[in-house]
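Hi everyone, thanks for coming. Have a look at the screen while I bring up today's structure.

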Amino acid sequence: MSRAHHRASQRRRPFSPRRLAPRLLTGSILLVFLVFFVLPVLWLVLAATKTDQQLVHGHPLSFGSWHAFKANWDALTAFQDNAVLQWLGNSTLYAMISLVITLCVAIPAGYALAMTEFPGRHTLLVSTLVVMLMPTATLVVPLFLEINAVGLIGTMWSIILPYSFYPFGVYLTYIYFTTAVPKDLLAAARMDGCSEFGVFRHIALPLATPVIALVGFFSFVANWTNYFLPYVMLPESDQMPIQVGVGSLLSNVPSFNPAVGDLAIERPQLALATLLAITPVLIVFLFAQRFLVSGMLAGATKE
């Protein structure tokens, strides 16, 4: 009875300021995230349902109408004969082909760096890390010179090939195989007569599902959101990915460019184009988040 009375008294005890402070701090941080991340996205979604006048003079978080949304969609898709849909198709083509090549290159390269010793291994690791840390914009001019030297400027390969070699993916795979895959298991397979390729194909690769999803997601996001490289490499509008296309739409909004002619795009239509640009990344994240979490935690604990 005394233990039950003690537990009941503990449940009735009011919150102390010391226990309340962490909860207030957590709530404040979540509120800051809500203001700076959720509200702009909500505003963007609602902006696509308004006319230009409603967007300027109406309540920022009010819903417009489905009729205005349909009118914005029709005006956006009519721009340069469905150019927006073509830009989306270009982005999908560039990102998906690059993703396949990235996985075919980065996963075996990370495995080789983690599991084998060979001359120059340390130099390769350092080089991978240095390239990974370099800002993407600093590589655009050297890449342009290289692609121009082989005559690929203005082709889809001028985008796909630079996208495909992803040092961050190699380093992620290296860390995963170093920390999360037991080397004794691979050694046992070798003792049973399995070749090195067989060990990678039948043992290591099935265990690498989390890091494959992680590398694939980060590679897809990096490729999809890249602006500067395709802006430099692709001169024609029908070759542009959606990110560069949205930039060209921005120059056709009268509020930002008063000299625009008959191809004017209103601000709600620009908001709708932005939503189209970010929706594929959101969809990929929702489908891959289970693998992303397991990939990020891989190697965090040892049993």
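I'll talk through some helix pairs, then a pocket and a cavity.

Some housekeeping first. This is a predicted model, where local features need pLDDT of at least 70 and side-chain atom pairs count only at pLDDT 80 or more, while totals for chains, interfaces and linings use all residues. Residues are numbered from 1 along each chain as its sequence is written, and side-chain values use heavy atoms, with hydrogens and water left out.

Axes are lines fitted to C-alpha atoms, for helices over the stretch in contact, and angles run from 0 to 180 degrees between N-to-C directions.

OK, first pair. How do α9 and α12 cross? Helix α9, residues 167–179, and helix α12, residues 209–225, have axes that come within 10 Å and cross at roughly 165 degrees. The two are therefore roughly antiparallel to each other; that label goes to angles over 145, with under 35 being roughly parallel, 65 to 115 roughly perpendicular and the rest oblique. The crossing of α9 and α12 is right-handed, and right-handed here is when the near helix is turned clockwise from the far one by less than a right angle, left-handed if anticlockwise.

Who touches whom? On the α9 side we've got F168, G169, L172, T173 and Y176, and they meet P210, V211, L214, V215 and F218 in α12. Contact means heavy atoms within 4.5 Å. By class, that's eight nonpolar residues, two polar and no charged. For those classes, Ala, Val, Leu, Ile, Met, Phe, Trp, Tyr, Cys and Pro are nonpolar, Asp, Glu, Lys and Arg are charged, and the others, Gly among them, are polar.

The contact of α10 with α11 splits into seven nonpolar, no polar and two charged residues.

From α5 come Y94, I97, S98, I101 and T102, and from α8 W157, I159, I160, Y163 and S164.

Now the spaces. On a 1 Å grid over the protein atoms alone, a cavity is a set of points where a 1.4 Å probe fits but cannot get out, a pocket is an open set with protein on both sides within 12 Å along at least five of seven lines, and lining residues have an atom within 4 Å of a point. Points are joined across faces, edges and corners, and volume is the space filled by probe spheres set on them.

The largest pocket has about 550 Å³. It's lined by 20 residues, and T136, L139, P162, F165 and P167 are the closest to its centre. Which helix gives the most to that lining? That's α7, with six residues.

Finally, there's one cavity of 30 Å³ or more, and the largest cavity holds about 40 Å³. Its lining is S91, Y94, A95, Y163, N223, W224, N226 and P241, with α5 giving the largest share, three residues.

Technical notes: Helix = DSSP H or I, 4+ residues; strand = E, 2+ residues; numbered from the N terminus.
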